[in-house]
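Here are some friendly notes to read with the structure open beside you. Take the points one at a time and find each element as you go.

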Amino acid sequence: MKNTIYLDHAATSPIAPEVIDVMARAMAEESGNASSIHTVGRSARKALDDARASLAAKVNAKPSEIIFTSGGTEADNMAIFGTAYARQKEGKHIITTAIEHHAVLHACEKLEKEGFTVTYLPVDKTGRISAEQVKEALRDDTILVTIMYGNNEVGTIQPIAEIGAILKEHSATFHTDAVQAFGLEKMDVEALQVDLLSVSAHKINGPKGIGFLYAKTGVKLTNILYGGSQEKKRRAGTENVPAIIAFAKAAELAGQTAHQRIEQYNGFKNILIEQFQLAGVKFHLNGHQKSVLPHVLNVTFPGTDVESFLINLDMAGVLVSSGSACTAGSIDPSHVLVAMYGQNAPELRSSIRFSFGLGLTDELVQEAGKRTAEIVKRLTS
Amino acid sequence: MVETRDPSQIRVVIGMSGGVDSSVAAYLLKQQGYDVIGIFMKNWDDTDEFGVCTATEDYDDVIAVCNQIGIPYYAVNFEKQYWDKVFTYFLEEYKAGRTPNPDVMCNKEIKFKAFLEHALALGADYLATGHYARVAHDENGVKMLRGIDNNKDQTYFLNQLTSEQLEKVMFPIGHLPKPEVRKIAEEAGLATAKKKDSTGICFIGERNFKEFLSQYLPAQPGNMETFDGEVKGTHDGLMYYTLGQRHGLGIGGDGEPWFVVGKDLKRNVLYVGQGFHHDALYSDALTAVKMSFTGEARTGTFNCTAKFRYRQEDSPVTVTMREDGTAYIEFAEPVRAITPGQAVVLYDGEECLGGGTIDGVFKNSEQLTYVG
């Protein structure tokens, strides 16, 4: 077995050693319930508040605007169901895009079954929508616009600030799923003019099972969980203090290294492309070439079949994916690529996603590129 | 070819269904030191209104077993190929009034063709499955032998495999009786050790057959008649009945029970007759199409034994191969309920010679027009 090269950081990322240290210590030291009135509880509460303030600062929000959740999916669900149920008397129209994460799309589909109307904006061949499309789709009864920041499969970044500016003139709540972009893209909720923003820890070398929803002061949200009065009664359940502390540490590290990592990841993209070119394999890149996340590279290799391609790559130690993780033998083609290229496009069966993160070096990426090219040659010969 | 390499140098892809047989097959291969990869094939989407799909549960079992054994696992999807090559054929045969055998077709077109190709593309030297059958290699090539467990022998379903396919195939549990397979699974603590065997046609599973078929083919109710033209009731659609069937006719009255003895597609009439041994159910010869041999193709006339249904006792037969590749097969003794669409499979002792699809059915050299 060859050494494995992990190029699937957009699926999930390894926890940074510093984060493990902080979390292990917190598990030992902050065993209290942050809602308890006694010493141990107060200690946990202080640690929680510090982490909340630190994370809030990363998106230029107030600490009171951060609601901790079990991760990105819950943050997205809270944003969508929470807004829909809170504002359904004002209207039942929602605008989103065809390339959202399933945490958004399936939530919207559920609301459609409940009588809401959802407009799914089509994207262009690069996976992008324009602010103009949002403007045209807006109706008097539009209560929510939910558009992802950067796409997890192809990396394309949406013009969130432009859309935010347009929505300034409209009462609709504006949500962005920033799960894949947070930690690399500079994020300022004021500048973006968003009301809700979802973030997850495990995409930025933090632990799984923790995330937050930024909810601008005054934004109307109905609870989706009921119980205790944690998170200002917006999200019941004892806060996972060690994970939250670790989340804050991961975000801190991400902020410190963002600039250098962006440069490094762009370098990785060039290394892979160069390897494919040197090997003479046919390929093309998917996604927007400029407005794109630095750590995601989606590539079509014409003539390959993604199913056996991925298995071959795994056996060669190149760990990548074909977009979102799939279940038992599922061949549901990527809805993102379908939206970009159409239902029967060859890209649907021949594209894989490389995504970068902690632990990779130029040499490893070069080796992965070589191995990939060899397999492509074998499968297309 | 007789294998001489060390097992560790031989990559075997094992098709895993999530059942005990393929689990034990994978376990034994790993014990023998092969480079084993477990692959789950998804051929059919039976996701229900609650999003529950039995394939997901079966794949979870595959994952559990592979983790216990310590082999990598993957899932591949052949839904489209299965639909095109197996299910379409299945429906066409029913429309034509025959009783198809989708498992034979699945083995021929999917498991030992599309899936075999997939395995080879992964660098596999062999494809293994948990079938009860054996492959014997000698200087003359390859032979397919019956599974040791006569009760479980699955060569009937594998009759269309050719020597080119068999050269690349392993059946790791073919030399074991089923109780032994269960015992190995239990001793190894495999997650599927106590899992119930699947029954019926894979894509129908435990569901009601009539209800399933009615989703795809329009049913045309018609009369049930005796050969004398006496109307005994109505049938729900000819496709729901097979020759020799007793259940579901709903004809009461005195005397022996009633059986399906024939079909008239043109008049949409189901012929019924009294008695398990009704004369019309017996025939003494058949013609078979799509004849295929596991070894060298036979020509001329030869004697051997045959099965006309899964798990039936062998019957002595005389086979005459005709120039167009079809076969005329005469039985030493009359046989009951020979059914067009089912497989006729030939044996020489332990060896499965191959087989074909039953087309015409004959008695006293005359074709029985009423059997569909």
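**Notes on helices, sheets and a contact between chains**

1. Let us begin with a pair of helices in chain A. Helix H9 (residues 241-279) of chain A packs against helix H13 (residues 362-380) of chain A at an angle of about 35 degrees, and their axes are 8 Å apart. The crossing of H9(A) past H13(A) is right-handed. On the H9(A) side, the residues that make the contact include Gly267(A), Phe268(A) and Ile271(A); on the H13(A) side, Asp362(A), Val365(A) and Gln366(A) are among them. Please keep in mind that this is a predicted model.

2. Among the residues in contact are Gln81(B), Tyr82(B) and Tyr89(B) of H3(B), together with Met105(B), Cys106(B) and Ala114(B) of H4(B).

3. How many residues of H1(B) are buried? The count is 11 of the 12, which means that H1(B) is largely enclosed by the rest of the structure. Val20(B), Asp21(B), Tyr27(B) and Lys30(B) are among the buried ones. Their packing partners in chain B include strand E1 (11-16), strand E2 (35-42) and helix H2 (54-69). After H1(B) comes Gly33(B), with a positive phi near 95 degrees.

4. Now for the sheets. Strands of a sheet pair through backbone hydrogen bonds, either parallel or antiparallel. In chain B, 5 strands make an open sheet with parallel pairing, in the order E3-E2-E1-E4-E7. Its edges are strand E3 (73-77) and strand E7 (169-170) of chain B, each of which pairs on one side only. Within this sheet, 6 bridges link E1(B) to E2(B) in the parallel sense, and Arg11(B) has Asp35(B) in E2(B) as its bridge partner.

5. Compare that with a hairpin in chain B. Strand E10 (residues 258-264) and strand E11 (residues 269-274) of chain B run antiparallel and are joined by 6 bridges; one of the pairs puts Phe259(B) with Gly273(B) in E11(B). The hairpin has 4 residues between its strands, and Asn268(B) in the turn has a positive phi of about 55 degrees. E10(B) is mostly covered, with 6 of its 7 residues buried.

6. Chain A has an open sheet of 3 strands, ordered E9-E10-E12, and its pairing is antiparallel. The edge strands are strand E9 (284-286) and strand E12 (351-355) of chain A. On average, neighbouring strands here are turned by 35 degrees against each other, direction ignored. E9(A) is joined to strand E10 (residues 296-300) of chain A by 3 bridges, and His284(A) stands opposite Thr300(A) in E10(A).

7. Finally, look where the two chains meet. The contact takes 14 residues from chain B and 11 residues from chain A. On the side of chain B, the elements giving two or more residues are E2, H2, E3 and H4. Which of them gives the most? That is E3(B), with 4 residues.

Definitions and conventions: Residues are numbered from 1 along each chain as its sequence is written. Chains are lettered from A and ligands numbered from 1 in the order in which they are written. This is a predicted model: local features need pLDDT of at least 70, side-chain atom pairs count only at pLDDT 80 or more; totals for chains, interfaces and linings use all residues. A residue is buried if 20 or more other C-beta atoms lie within 10 Å of its own, exposed if 12 or fewer, and partly exposed in between; C-beta atoms are placed from the backbone. Two residues are in contact if their C-beta atoms, placed from the backbone, lie within 7 Å. Two strands pair if DSSP finds at least two bridges between them. Axes are lines fitted to C-alpha atoms, for helices over the stretch in contact, and angles run from 0 to 180 degrees between N-to-C directions. A crossing is left-handed if the near helix is turned anticlockwise from the far one by less than a right angle, and right-handed if clockwise.
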